[in-house]
Amino acid sequence: MADVTYYVALPFVFFDDGLTAGEATECLSANAAVMRAEALSRKPGHAGAIAFSRTGDPSSGDFSDAKLIRKFGEVPDDLSTL
C-alpha cells in the first residue's frame with residue numbers, strides 16, 4: 001500500500017499542574033487542520049492546539065515523526081510523543 005498523509009488538529013487542555021492532549025480530530029488537508037486547531041484553541045478549558053501531519057503506511061503501521069504545521073496558544077514544548 002502507498003504512503004498516506006494524515007492531517008490532525010490536536011487540542012491541549014489544563015490537567016492538574018500541566019497540560020494534556022485532548023481528543024484529536026483528523027482533517028482533510030493541512031489548511032483544514034490549521035483552521036480546526038485555531039478554533040479548538042479558543043474553546044473554554046483548552047489551553048491551545050496544534051495542527052500536524054504524519055505520513056506512513058497504514059497497513060504496516062510505519063509512520064514518520066509528526067510534522068508540526070502550526071500551533072496556537074499554550075502547548076507543551078516537547079511534542080516528540082505525537
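## Salt bridge

A salt bridge is a side-chain nitrogen of Lys or Arg within 4 Å of a carboxyl oxygen of Asp or Glu. This predicted model holds one salt bridge. Its partners are Arg 42 and Glu 38, whose closest N and O atoms lie 2.9 Å apart. Side chains of opposite charge can pair when their charged atoms come close.

The two partners can also be described by their accessibility. Arg 42 has 63% relative accessibility, so Arg 42 counts as exposed. Glu 38 counts as partly exposed, because its relative accessibility is 31%.

## Ser 41 in helix H1

Ser 41 belongs to helix H1. Its relative accessibility is 15%, so Ser 41 counts as buried. The cut-off for that label is under 20%.

The side chain of Ser 41 reaches the backbone oxygen of Glu 38 at 2.7 Å. Leaving out residues up to four places away in sequence, Ser 41 touches His 46, Gly 48, Ala 49 and Phe 72. Ala 49 and Phe 72 are also members of the largest nonpolar core.

## Nonpolar cores

The largest nonpolar core has nine residues. They are Ala 9, Cys 27, Ala 33, Val 34, Ala 37, Leu 40, Ala 49, Ala 51 and Phe 72. Helix H1 (30–41) and strand S4 (46–57) each supply at least two residues of this core. The largest share, four residues, comes from H1. A second, separate core has six residues, including Leu 10, Ile 50, Phe 52 and Val 75. In soluble globular proteins, nonpolar side chains tend to be buried together.

Ala 9 is one of the residues of the largest core. Which residues does Ala 9 contact, leaving aside its neighbours within four places in sequence? Among them are the core members Cys 27, Ala 33, Ala 37 and Leu 40. Ala 9 is also in contact with Glu 23, Ala 24, Thr 25, Arg 36 and Ile 50. Of these, Ile 50 is part of the second core.

Strand S1 covers residues 4–15, and strand S2 covers residues 18–21. The two run antiparallel and are joined by four bridges. Phe 15 stands opposite Gly 18 in S2.

How many residues lie between the strands of this hairpin? There are two. Asp 16, in this hairpin, takes a positive phi near 50 degrees.

Key
Residues numbered from 1 in each chain as written. Predicted model: local features only at pLDDT ≥ 70, side-chain atom pairs only at ≥ 80, totals over all residues. Heavy atoms only, no water. Core = buried A, V, L, I, M, F, W, Y, C linked by side-chain atoms within 4.5 Å. Buried < 20%, exposed > 50% of the residue type's maximum accessible area, 1.4 Å probe, protein only. Contact = heavy atoms within 4.5 Å. Polar contact = N/O pair within 3.5 Å; in protein donor to acceptor, adjacent residues only side chain to side chain. Pairing = 2+ DSSP bridges.
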